[in-house]
Amino acid sequence: MALDRKPAPNDLNAFWMPFTSNRQFKQSPRMFVAAKDMHYTTSDGRQVLDGTAGLWCCNAGHCRPKITEAIQKQAAELDYAPAFQMGHPIAFELANRIIDIAPKGMEHVFYTNSGSESVETALKIAIAYHRARGEGTRTRLIGRERGYHGVNFGGISVGGIVNNRKFFGTLLAGVDHLPHTHIPQNAFSKGQPEHGANLADDLERIVALHGAETIAAVIVEPMAGSTGVLLPPKGYLEKLRAITKKHGILLIFDEVITGFGRLGSAFAAQHFDVLPDMMTTAKGLTNGVIPMGAVITTGEVHDAFMTGPEHMIELFHGYTYSGNPIAAAAGVATLDTYKEEGLFERARELESYWGDALHALKGTRNVIDIRNMGLIGAVELEPIAGQPTKRAFSAFLKAYEKGILIRTTGDIIAMSPPLIISKAEIDRLIGTLKEVLDTLE
Ligand SMILES: Cc1ncc(COP(=O)(O)O)c(C=O)c1O
């Protein structure tokens, strides 16, 4: 709609909202104006229990004092410093702190500003790594059906969510996909499902088709979040690791959701005891408060670049805001908060209570599957015939009215509360969701 006047500050028209049904939203907006710990405050003064940690990112809950203070202090002391050919201490401090909690073997951190940028960075490093080692024919990238790796061209090319891909042309060339791991035999599994490790064997087919010497990397989410919480079958990630290693292919875990405690360990790589060559992260790194991401690599990946004359740049890649001081300060304070409050352990301790509460929804109207792991869970609904996504979206709207924030993708309700959630709040979240589902068409 063309504007015939300058917009007033509270006009909703100018902001083209991301991943949003803009017309629906602007007819009946849902606005948060404040947040504290487990709750948001809406513009009409209601408290909404955060069942999604914002967008899977506020793992320590909202407006945590240590993080707020660190940002305020850093903004007043050193607001910005370039990271190209210059440094500032807190970016180094944070990198060390990340490596401290990363799996053994992970030794270096490359900063980005988001999960999408972490993915692009890791894919580029993978291709350049092989070239640096004299294997420049390794350029193919392998993703997985239903994978989500952000929204940039590399990420949507290796990603496997059709609506995120089909509107945007031909994408990157030289990409192939593994099959997803969501199989009917695993419906209503508690935790890691039993069936489907053999789906990793498809990588052998892809290698046989293209030739190992053309493949740079395989990227997967160790637990696929945004597509609706799809868990890796027992033995699946181990197989992927073995096959990639056998063929000299790098394995990238996209830990943008699973990183920083979501599964009860710092990273999913530790939870599943499988070491990839790189991990992409963002979100929980700064508790979602300031945009920041990081690619974490093994020493071997990094060291392959450290050749040639010492005055030369080794990797022609980076962002204006890589390692931004305020983001780095937020990161250090976030890691402090996780540690001081034992939040990763807390997620592990609450896992069975959370899983039991979720699985108690079995038998509720239209529920066709329930999945859980760590402090993450999904309730899959039978779609309304001919109107996919509508039932879950109605659940989302009703849930918001009733004071809980959930997230939907397709007809799947996904939940990932802050790791500070109490048992009473779990009961409220799941109890309210049941009331919502009971009243849905
Ligand atoms: C696994 C994964 N990778 C990448 C991204 C993209 O992150 P961002 O939205 O910060 O670009 C997400 C976001 O949900 C994600 O879940």
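1. Basis. This is a predicted model: local features need pLDDT of at least 70, side-chain atom pairs count only at pLDDT 80 or more, and totals for chains, interfaces and linings use all residues. Residue numbers start from 1 along each chain as its sequence is written.

2. Domains. Domain 1 takes in 22–60 + 343–439, and domain 2 takes in 68–340. These bounds come from an automatic or database domain assignment. Taken over C-alpha atoms, the two centres are 26 Å apart.

3. Contact between the domains. On the domain 1 side, 31 residues are in contact with 28 residues of domain 2. Contact requires C-beta atoms, placed from the backbone, within 7 Å. Elements giving two or more residues to the domain 1 side include helix H2 (53–56), helix H13 (343–359) and strand E15 (412–415). H13 gives the largest share, seven residues. Helices (H or I, at least four residues) and strands (E, at least two) are DSSP runs, numbered from the N terminus.

4. Make-up of that side. By class, the side of domain 1 that touches domain 2 has 15 nonpolar, 10 polar and six charged residues. Nonpolar covers Ala, Val, Leu, Ile, Met, Phe, Trp, Tyr, Cys and Pro; charged covers Asp, Glu, Lys and Arg; the others, Gly among them, are polar.

5. Met 31. This residue sits in the loop between helix H1 (22–27) and strand E1 (32–36). Is Met 31 buried or exposed? Met 31 is exposed, because 11 other C-beta atoms lie within 10 Å. The cut-offs, with C-beta atoms placed from the backbone, are 20 or more for buried, 12 or fewer for exposed, and partly exposed in between. Leaving out residues up to four places away in sequence, Met 31 touches Thr 42 and Ser 43.

Technical notes
Contact = placed C-beta atoms within 7 Å.
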